[in-house]
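Thanks for coming. I will go through pockets and salt bridges, in that order. Please have the sequence and the model open.

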Amino acid sequence: MSSLIQSPAWLALQQHQSLMAKLSMRDLFHQDSQRFDKFSLTFNDILLDYAKQRINRETVDLLLTLAHQQKLGDWISRLFAGEKINATEHRAALHVALRSDHAVLLDGVDVMPDIKRVLKQMERFAIAIQSGARRGYSNKLFTDVVNIGIGGSDLGPAMVADALRPYQLNGLTPHFVSNIDGAQISDTLRHLDPATTLFIVASKTFTTQETLTNAHSARQWFLSNDGSEQAIAQHFVAVSTNRPAVQAFGIDPDNMFEFWDWVGGRYSLWSAIGLPIALTIGMDNFYSLLQGAQGMDRHFATAPLDKNLPVMLGLLGIWNINFFGATSHAVLPYDQSMQRFPAYLQQLDMESNGKRTTRDGEVVDYATGAIVWGEPGTNGQHAFYQLLHQGTQTIPADFLAPCQSHHLIGDHHRLLLANFFAQTEALMMGKNAQEVSSELESQGLSAAAIEQLLPHKIFPGNRPTTSILFKKLDPQTLGALIALYEHKVFVQSVIWNINPFDQWGVELGKQLAGKILMEWEHHQTGAHDSSTSGLIRYFKTHQ
């Protein structure tokens, strides 16, 4: 057994869980009318209510003891100090520097001058596009910007651009292409005018197969629709570090926006990867997004662990995953503009903490990570909430909502929030046999009908949720929320003693795909298992 699960803090939590498993949250609320005050935290306009988790004060104290045992405070300091905590790639993880306002040293060199230089480059470019100083080859204003990337080069910018649509400037519509499936780029380009379309090719190495395939298809579309080779430089820009490849594509090196190997893809929207955000909502709002994240960074770095929002969010996940056996985690924003937030967190969490070995290379003997998924409310209520309420699995969930809506239409927002509050209460309280029986009696049902319906209408309750309310979804608040979850993921990685900043698990499939493509190019039949060989034969026969 690993040292973690034999450690005093872990064993104490296991013993405590056996007691908490016998208690219901309904009873805990009846016994203590102050649970909300005891188990909620605030940061600026953000409220984190975790009173509807299966915890008491002792649970929190034991989780904090585990955090201290795993030296969480030291790891937080190492993160912000720029130490090379991404050991397998010998890199720092300095996404926090991208929104910093003070010197951040890497190998003794301050990285902030480079960061500010690129931000200024982004600012000049965004102003030129938005003001009309930079135009397309026919001297028309740009009306559309197509971001071509994948993973963090797509999910982050796409999520933020969608969430901050109320702040979108007039005249420039964002589009995002990531899938190598030709359907996506075909559908995107079908209604665009090449004379008014700007393309951003986002690839650190400028070798990512999906991104470069889509970029070359976009280039061919542009050339086939009255664009010229000379005009490529006006209509294509790159976010990359590979200057020769960018130039070979036809992009002016002055329109290459740099980012660095200490920025992981899923942590990169704060960098030049965020260029489509800056173009669509303006650089002032992009700076506000950075400021919101910076505020959460300061809170994470300085607040006591028991008052620290990312720490508590992370530890509650540890409690549910490792001591109650949860394998799945739902993220449920009650705000349609946050519809891509669960998908963004899916990559952030599952690519970071979906690991089976510790930092030392030992195979873990405890659960790490969870399957992260979700949809906006109230749509989800009519899709999968049935399983949340009455299924055989207990799935912890985060509910998020703004107190103020950008769209004041009738009573929509009050109805939306009423559903938010009702769902978290229902998941906690449930409905027992006596309550169901009384309800059915009041409806005039016979004893036989009640007996038949009773088991189907019982809700077990005791389903854990965390509620996150915020004043309004503006750029600063969204920046803080994203940073909150970034740091939550880091907290859990420290407890599990894993490296959240590499992603070797994505490599094998890429290598094998490259091998298969090479075989096809040379008309070879490769050595594969019978299933893969059969699938390839079927494809070749029917393509």
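**Pockets and salt bridges**

In the lining of the largest pocket, helix H21 is the biggest contributor, giving four residues. Keep in mind that this is a predicted model.

H21 covers residues 507–521, and it is one of the helices with at least two residues in that lining; the others are H7 (152–163), H9 (209–224) and H15 (341–353). The volume of this largest pocket comes to about 1,000 Å³. In total, 38 residues line the largest pocket, and those nearest its centre are Thr208, Gln503, Val506, Glu507 and Lys510.

Now the second largest pocket, which holds about 500 Å³ of space. Its lining consists of 22 residues, with Asp335, Gln336, Ser405, His407 and Leu416 closest to the centre. Two elements give two or more residues here: strand S12 (397–404) and helix H17 (412–429). Of these, H17 has the largest share of the lining, four residues. The lining of the second largest pocket splits into 12 polar, seven nonpolar and three charged residues.

On to charge pairs. How many salt bridges does a search of the whole structure find? The search returns 21. I will take a few of them.

Start with arginine 117. Its side chain meets that of aspartate 114 in a salt bridge, 3.3 Å from N to O. Both residues sit in helix H6 (residues 112–131), and because they are three residues apart, about one helical turn separates them. Arginine 117 is partly exposed at 39% relative accessibility, and aspartate 114 is partly exposed at 35%.

Arginine 117 also forms a salt bridge with glutamate 258, at 2.9 Å from N to O. This second pair joins distant parts of the chain, 141 residues apart: arginine 117 is in H6, while glutamate 258 is in the loop between strand S9 (256–257) and helix H12 (275–281). Glutamate 258 has a relative accessible area of 26%, so it counts as partly exposed.

The loop between S9 and H12 comes up again with arginine 266, which pairs with glutamate 351 in helix H15, 85 residues away. Is arginine 266 buried or exposed? Arginine 266 is buried, at 2% relative accessibility, whereas glutamate 351 is partly exposed at 22%.

Last item: Arg99, Asp297 and Glu486 are connected in a network of salt bridges.

Definitions and conventions: Residues numbered from 1 in each chain as written. Predicted model: local features only at pLDDT ≥ 70, side-chain atom pairs only at ≥ 80, totals over all residues. Heavy atoms only, no water. 1 Å grid on protein atoms, 1.4 Å probe; cavity = no way out; pocket = protein on both sides within 12 Å on 5 of 7 lines; lining within 4 Å. Points joined across faces, edges and corners; volume = space filled by probe spheres on them. Nonpolar A, V, L, I, M, F, W, Y, C, P; charged D, E, K, R; others polar. Salt bridge = Lys/Arg side-chain N within 4 Å of Asp/Glu carboxyl O. Buried < 20%, exposed > 50% of the residue type's maximum accessible area, 1.4 Å probe, protein only.
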